[in-house]
Amino acid sequence: MSNRILPLELIDKAIGSPIWILMRGQTELTGILRGFDDYVNLVLDDAVEYSPDPRDKSVVVKKELKAEILLNGNHVAVLVPGGTGPEDSMAARST
Amino acid sequence: MSSAATDDATKAPSKDGNSAPEQNKRSPSDFLKAVLGRPVNVRLSSGTDYRGVLACLDGYMNIAMEQTEEYVDGQLTSKYGDCFIRGNNGKQCLSERNFSINL
Amino acid sequence: MFCKWESIVLSIGIIMEEPLDLIKLSIDERVYVKCRNDRELRGRLHAYDQHLNMVLGDVEETITSSEEDEETGEEIISKRTRNVGMLFVRGDIVVLVSPPLRTS
């Protein structure tokens, strides 16, 4: 039992490192994880948001938020510690 | 559970305040303490942004703001002297204009 | 908890401890209420509760809808308004409440 890692312990280890967040819906974010709480509300530095263009859903708009942000945990679906975002995963797929 | 259960994710963590935040760690409640009274950008999941001075907020993340400007798709659409934003509107993030609250 | 923040003194000089205080200050005033589904209400705030259920009087409701023109594909935005003497708003559709701009 004791050697089992709890999910939030994994996230705790990611503090200070890049993290990739997939929201419910289409939006994704990346940033440096500064902290989180029991509800998985997240504090991020240097956050970048990737969301579908409202006019053409096949186009992804990249937006640098240039801010420290608090992300509401309500809409968080998946966390990828160390992930640097969708561009990274596309690069990985092509190799 | 009460009908407020759906708002749980926006509530303050109960564990905060029992120890000084470790170096480089910044919990959501630390963040909110730091941005109180400062210019913030609140983004709803609809994509609408509200920029103004954060007056106060509560455990449901209801927010009161002053000198608020509303932006839809980056375009200024209206201004409010004071405004109240209800807590469970799928807010995505909150940032100070350098802090964002994605609610 | 959040409600233990030191009180913030608004520019108008009234102490606000929690966001709902802003609504309390707006009672019997005309307020603007933005709802989900592109509906807006302007009316006198008679009553509210912690869910932000509200009773408004002398209400003007504005409904904004957008349709796509079948021939040109252009987006047509239309606004309809109607007046209601008194209505109840369920809190969960409320996005934003703003008191009237105070003249300074």
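Asp73(B) is exposed at 56% relative accessibility, where exposed denotes over 50% relative accessible area, buried under 20% and partly exposed the range in between, with a 1.4 Å probe and protein chains only. The residue belongs to the loop between strand E3 (63–72) and strand E4 (75–85) of chain B; helices (H or I, at least four residues) and strands (E, at least two) are DSSP runs numbered from the N terminus. When residues up to four places away in sequence are not counted, Asp73(B) touches Pro54(A) and Arg55(A), contact being defined by heavy atoms within 4.5 Å. Between Asp73(B) and Asn41(B), the separation is 32 residues in sequence and 14 Å in space, C-alpha to C-alpha.

The model is predicted, with local features requiring pLDDT of at least 70 and side-chain atom pairs counted only at pLDDT 80 or more, whereas totals for chains, interfaces and linings use all residues. Residues are numbered from 1 along each chain as its sequence is written, chains are lettered from A and ligands numbered from 1 in the order in which they are written, and side-chain values use heavy atoms, with hydrogens and water left out. Chain A has a mean pLDDT of 84, and 89% of its residues reach 70 or more; pLDDT is the predictor's confidence in each residue, from 0 to 100. Within chain A, the lowest confidence falls in helix H2 (residues 86–94), at a mean of 58, and the highest in strand E2 (residues 28–36), at 93.

Strand E1 (residues 18–23) of chain A runs antiparallel to E2(A), to which 5 bridges join it; strands are taken as paired if DSSP finds at least two bridges between them. Opposite Pro18(A) stands Ile32(A) in E2(A). The hairpin of E1(A) and E2(A) has 4 residues between the strands, and in this hairpin Gly25(A) adopts a positive phi near 90°. E1(A) is also joined by 5 bridges to strand E6 (residues 76–81) of chain A, again in antiparallel orientation. Here Met23(A) has Val76(A) in E6(A) as its bridge partner.

Side chains of opposite charge can pair when their charged atoms come close. With a salt bridge defined as a side-chain nitrogen of Lys or Arg within 4 Å of a carboxyl oxygen of Asp or Glu, the count over all chains is 10. One of these salt bridges joins the side chains of Arg26(B) and Glu68(A), at 2.6 Å from N to O. This pair crosses between chains, from the segment before helix H1 (28–35) of chain B, which holds Arg26(B), to strand E5 (residues 68–71) of chain A, which holds Glu68(A). Arg26(B) is partly exposed, at a relative accessible area of 23%, while Glu68(A) is buried, at 12% relative accessibility.

In chain C, Arg82(C) and Glu61(C) meet through their side chains in a salt bridge of 2.4 Å, N to O. The pair links distant parts of the chain, 21 residues apart, with Arg82(C) in strand E6 (residues 75–89) and Glu61(C) in strand E5 (residues 54–68) of chain C. Arg82(C) is partly exposed at 45% relative accessibility, whereas Glu61(C) is buried, its relative accessible area being 8%. A salt bridge also connects Arg90(C) with Asp92(C), whose closest N and O atoms are 3.1 Å apart. Arg90(C) is exposed, with a relative accessible area of 54%, and Asp92(C) is partly exposed, with 32%. Elsewhere, Glu49(A), Arg43(B) and Asp49(B) are joined into one network by salt bridges that share partners.
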